[in-house]
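Student: I am new to this structure and would like a close look at one part of it. Could you walk me through the nonpolar surface patch and the helix that gives the most to it?

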Amino acid sequence: MATPPSSSSKPDFPWWLVVAGAIAIAAAVFVAASDLYTQVFATVAKGIGITVFVTVVAFALASVIGLGIALMGLSGSRLMRQIARFYVEIIRGVPILVLLFWIAFAGAPAFVAAWNALTAPLQSAGFFGELLVRDVSLLWRAIMALTIGYSAFISEVFRAGIQAVEKGQIEAAKALGLSRSQRFRLIVFPQAIRTILPPLGNDFVAMVKDSSLVSVLGVADITQMGKVYAAGSFRFFETYSIVAYIYLILTVGLSLALRALEKRLRRQHEE
C-alpha cells in the first residue's frame with residue numbers, strides 16, 4: 001500500500017511556470033514581429049492604467065469597509081452583529097454585474113437626490129451648486145459597485161482571520177491591562193494577517209478579472225478598449241487574444257508575487 005508523501009518532502013518543481021513563461025515569451029516575440037498584433041496591443045494596452053486604477057482603489061476601499069463590517073460582526077452588540085450579517089448576506093447574494101448596473105443607474109441618481117435634499121440650505125446660500133447625476137462619473141460608479149460587492153466577501157476573510165487568533169492570547173492581553181483597540185492593534189491583527197493574507201490576495205486577483213465588468217458602462221479599461229477596436233476592425237480573434245494575454249500576465253504575475261510574500265511571512269513566523 002502506497003504511503004502518502006511526507007510534509008517534509010521537497011515541493012514539485014514548477015514546470016507549469018516554465019511552460020507558461022515560455023509561452024508568454026513566445027507570444028511577446030510574435031506580437032512584436034507582427035504589425036497587426038502590435039497595433040492591437042498598443043490600442044488595448046491604453047486601458048491598463050484604468051484597469052489598475054479601478055482595481056487598486058476599489059480593493060483599498062473594499063478592504064476598509066470589509067474590516068469595519070467584520071469588526072461589527074464580532075462586536076458585543078447584537079444589533080451590530082445583525083446589521084453586519086444582513087449586509088454580508090444581501091450583498092453576497094447579488095451578482096457583481098447586477099450590482100454594477102444598480103449602482104450606476106439607480107444608486108447614483110438616488111444618492112444625488114439625497115445629497116441635494118440634505119444640502120439644499122447650503123445651495124440656497126450659494127456655498128456650492130446643485131449636484132447633477134452626470135457629475136458622478138461612470139468610472140466612480142463602477143468603483144463603488146466593485147467596492148460594495150467585494151467588501152462583503154473581504155469582511156468574511158477578516159472575520160475568519162480574527163477568530164483564528166487564540167483566545168488565550170487575547171485573555172493575556174486583557175490581564176496586562178490593554179484596551180480593546182490596543183489588543184486589536186498590537187495582538188490580534190498582527191497574528192491574524194498571516195491567515196488573512198492568502199484569501200485576501202485571491203480576492204485581489206479576482207478583482208483584477210472582475211474589473212473587466214466595468215466595460216459595460218463604457219469605462220475605458222482593457223476590455224472596453226478591446227471591444228472598441230474589435231468592433232471597428234472586425235479582428236475579433238486577434239483582439240481578444242491580446243486582451244486575454246494581458247489579463248493573464250497581470251493575474252499570474254500578481255499570484256506569484258502574493259505567493260512569494262506568503263512564503264516570506266511564513267518563514268519569518270517559523271524563525
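Tutor: Here is a short tour of that patch, its helix and the record for this chain. The model is predicted, so local features need pLDDT of at least 70 and side-chain atom pairs count only at pLDDT 80 or more, while totals for chains, interfaces and linings use all residues. Residues are numbered from 1 along each chain as its sequence is written, and side-chain values use heavy atoms, with hydrogens and water left out.

Leu97, Phe101, Phe105, Leu138 and Val216 make a nonpolar surface patch of about 400 Å². A patch joins residues with over 30% relative accessible area and no salt bridge: nonpolar side chains (Val, Leu, Ile, Met, Phe, Trp, Tyr) within 5 Å, like charges within 9 Å. A salt bridge means a side-chain nitrogen of Lys or Arg within 4 Å of a carboxyl oxygen of Asp or Glu. Areas follow the Shrake-Rupley method with a 1.4 Å probe, and for residues only the protein chains shown count as cover.

Helix 5, residues 96–118, gives the most to this patch, with three residues. Helices (H or I, at least four residues) and strands (E, at least two) are DSSP runs numbered from the N terminus. Leu97 lies in helix 5, and its relative accessible area of 33% makes Leu97 partly exposed; buried is under 20%, exposed over 50%, and partly exposed in between.

In an unreviewed entry, UniProt lists residues 94–118 among its "transmembrane region" spans; such annotations may be inferred rather than shown by experiment, and positions use the numbering here, with feature names shortened. Residues 94–118 are 92% helix and 0% strand, with end C-alpha atoms 29 Å apart.

Key:
Buried < 20%, exposed > 50% of the residue type's maximum accessible area, 1.4 Å probe, protein only.
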